[in-house]
Amino acid sequence: MDSSPSELISAWTEHIDIGVILLDQKLNILYWNALVSRWSGTSLQQARQQPFSDVFPEADATHLQQMASTAHSKGRHVHRHGNNARDLLQLPYLPADRMLQDALLLPFHSADGQACLGLLLYDATNQESASDKSTATPDELIDEVKPEQLIRKLEKANAQLLQSEKLAAIGQLAAGVAHEINNPIGYVFSNLKTLTGYVNDLLRIVDSVDTVSSLEDLQQLKRSLDYDYIRNDVEALIHESGDGIERVKKIIMALKDFSHIEEEAFHAADLHRGLDSTLNLVNNELKYKADVIKAYGELPAVECIPSQINQVAMNLLINAAHAIEGFGRITVRTGHEGAWVWLEVEDNGKGIEPRILHRIYEPFFTTKPVGKGTGLGLALSYNIVQKHNGRIEAFSQPGIGTRFRIWLPIQQPDPAESSGAPSA
């Protein structure tokens, strides 16, 4: 795997009220979330790489093995409804008012092709109807309310994840933003100290007007204090300090534009302003990796949620920087075709292998080294673009570079209308 399971999924699983256990093909434990640690009284560190049946000897391991075989052979989820049946897993510290009789087993593959299973343990008692469904088949139950409840929980978790990923991204950029602000503030502070000395000298000249005996004495004082140099340098210092404060102002505005985490309403927005704000925000990530070239076209105002589109742009820009080995080039383009606008980010980095290009939008899939990413950026970007009734396209050649293009409708369609961006 490119990253440990904990690094890849903990950002998501810690936000949901569901027990999550990640298993390998042999049912050894790779990861579980904090709820399982709390309910089992066992830390993940103690359980990692241990057989499920050893960690939970009281569990219905035979049934879990049957579920795993079905999930792998059919390539789909397997649901267990535990009403009036033994719980798949009994946890000693589970609160008295909670039950975990329902379980969902999801098969998936890691970045290196390893077959894995995700076990979700949840409480569906509040969805029970008066009728006894203990005899229903798993497929019948999947069509009823309980999986819908799970889907609602997962959708809520996805919304929380969107905000969490945005805040995490800002956290990752905090050091760079601090560096960007520190530079102009540093020379403004230095200029103020120099200006303090200049003002004292100028005040001496002004005060001496009332005490000097002749104009020649005043002129001599001006020469001794190097008045001509002070006059010229004061103008330069004030201009330079103004530029520094303007730079800080732009960074603050970029942060404000980017971090509207409560913004959920669609409204007409200037995409170029959002792109410029995002470029200002990630400048410290990019300037040491690539020259950034802006090739903006003429765009109308676009109906969107600007902060979410800014997040998509930021994810693409940072991915582009990470893809470049050494120093390269990142090009940001925009264009307008009929009822659609598009924006794209292109790099001349190492590119993406064709065999994995179709997987880049999968949650937790990443080609980056450990510590470089969670595998969530493109998945969330994909979801944002889908929410905007648009599409995202990826073009890549190993050793040449990668280009991502985002298509967005200028106006959001009515819910009843179908949507499809034109081919690039």
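What is the mean pLDDT of the protein chain, and what share of its residues reach 70 or more? This is a predicted model, so I start there. The mean is 78, and 71% of the residues reach 70 or more. Over residues 1–8 pLDDT stays under 50, and the model has 28 contacts for them beyond four places in sequence. Residues 126–145 also stay under 50, with 27 such contacts.

Now the sheet. Five strands form an open sheet in the order S2-S1-S5-S4-S3, and the pairing is antiparallel. At the edges stand S2, residues 29–32, and S3, residues 78–80; each has a single partner strand, so one side of each lacks a neighbour in the sheet. From one strand to the next the twist averages 20 degrees.

Take the S1 end. Strand S1, residues 19–24, pairs with S2 over three bridges, in the antiparallel sense. Leu23 is opposite Ile29 of S2. Helix H5, residues 61–74, packs on this sheet and touches S1, S3, S4 (102–109) and S5 (115–122). The direction of H5 makes about 125 degrees with that of S5.

Last, a helix pair. H10 covers residues 271–281 and H12 covers 306–323; their axes come within 9 Å and cross at roughly 45 degrees. H10 and H12 are therefore oblique to each other, and their crossing is right-handed. On the H10 side the contact is made by Leu271, Gly274, Leu275, Thr278 and Leu279, and on the H12 side by Ile309, Asn310, Ala313, Met314 and Leu317. Of the residues in this contact, seven are nonpolar, three are polar and none is charged.

Terms used
Residues are numbered from 1 along each chain as its sequence is written. This is a predicted model: local features need pLDDT of at least 70, side-chain atom pairs count only at pLDDT 80 or more; totals for chains, interfaces and linings use all residues. Side-chain values use heavy atoms; hydrogens and water are left out. Axes are lines fitted to C-alpha atoms, for helices over the stretch in contact, and angles run from 0 to 180 degrees between N-to-C directions. Helices (H or I, at least four residues) and strands (E, at least two) are DSSP runs, numbered from the N terminus. Angles under 35 degrees count as roughly parallel, over 145 as roughly antiparallel, 65 to 115 as roughly perpendicular and the rest as oblique. A crossing is left-handed if the near helix is turned anticlockwise from the far one by less than a right angle, and right-handed if clockwise. Contact means heavy atoms within 4.5 Å. Ala, Val, Leu, Ile, Met, Phe, Trp, Tyr, Cys and Pro count as nonpolar, Asp, Glu, Lys and Arg as charged, and the others, Gly among them, as polar. pLDDT is the predictor's confidence in each residue, from 0 to 100. Two strands pair if DSSP finds at least two bridges between them.
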